[in-house]
Structure formats: C-alpha cells, structure tokens
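Welcome! Have the viewer ready, and let's walk through this model together.

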Amino acid sequence: MLIWIDAVELRGLAEVRKVPGFHDEPLKGDRKGQRSIRLNQAYRAIYVVVSGAAQFVRVEEVNKHRY
C-alpha cells in the first residue's frame with residue numbers, strides 16, 4: 001500500500017489511476033462513490049476522494065478480496 005500512497009503523493013491520483021497494475025476501478029451498489037485498488041493478488045484497498053479546497057484520498061478499508 002505504501003507504494004500506491006507514495007505514487008499518489010508524487011504523481012497525483014489522476015496519473016496513478018492510469019497504472020494498470022493497480023486495477024483502480026469505481027465500485028457499484030452499496031459502495032457507489034468508492035473506488036478500489038489491488039495491493040496484491042489477495043488484498044485490495046477501498047478508498048474515497050474527499051474534495052474541498054484540496055483533493056484528499058481517504059482509505060476506508062483494506063480487505064482480502066473474494067474471487
């Protein structure tokens with residue numbers, strides 16, 4: 001997860017979303033408005049973008065992904 005956080009800090013969220021290895025995608029249903037990234041084959045992080053004067057990312061949870 002630290003690699004993703006460092007990348008967001010250095011390059012910005014919009015650029016990091018383009019990196020195919022993270023599989024950044026919007027979620028649906030009860031999680032609409034949230035996004036997920038893959039940390040590895042087993043785990044993913046769920047995050048939301050908090051907008052205001054600046055754009056912040058808040059990680060909501062890290063969980064084992066069910067395939």
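A polar contact here is a pair of N or O atoms within 3.5 Å; within protein, one must be able to donate a hydrogen and the other to accept it, and residues adjacent in sequence count only if both atoms are side-chain atoms. This is a predicted model, where local features need pLDDT of at least 70 and side-chain atom pairs count only at pLDDT 80 or more, while totals for chains, interfaces and linings use all residues. Residues are numbered from 1 along each chain as its sequence is written, and side-chain values use heavy atoms, with hydrogens and water left out.

Let's start at Asp-24. Its side chain makes a polar contact with the side chain of Tyr-47 (2.6 Å) and another with the side chain of Arg-35 (2.7 Å). Asp-24 lies in the loop between helix 2 (13-16) and strand 1 (25-26); helices (H or I, at least four residues) and strands (E, at least two) are DSSP runs, numbered from the N terminus. Asp-24 counts as buried because its relative accessibility is 14%, buried meaning under 20% relative accessible area with a 1.4 Å probe, protein chains only.

Tyr-47 also leads us to the largest nonpolar core, which has 9 residues, including Trp-4, Phe-22, Ile-37 and Tyr-47. Such a core is a set of buried Ala, Val, Leu, Ile, Met, Phe, Trp, Tyr and Cys residues joined through side-chain atoms within 4.5 Å. Helix 1 (2-11), helix 2 and strand 3 (43-50) each supply at least two residues of this core, and helix 1 gives the most, with 3 residues.

Terms used. Buried means under 20% relative accessible area, exposed over 50%, partly exposed in between (1.4 Å probe, protein chains only).
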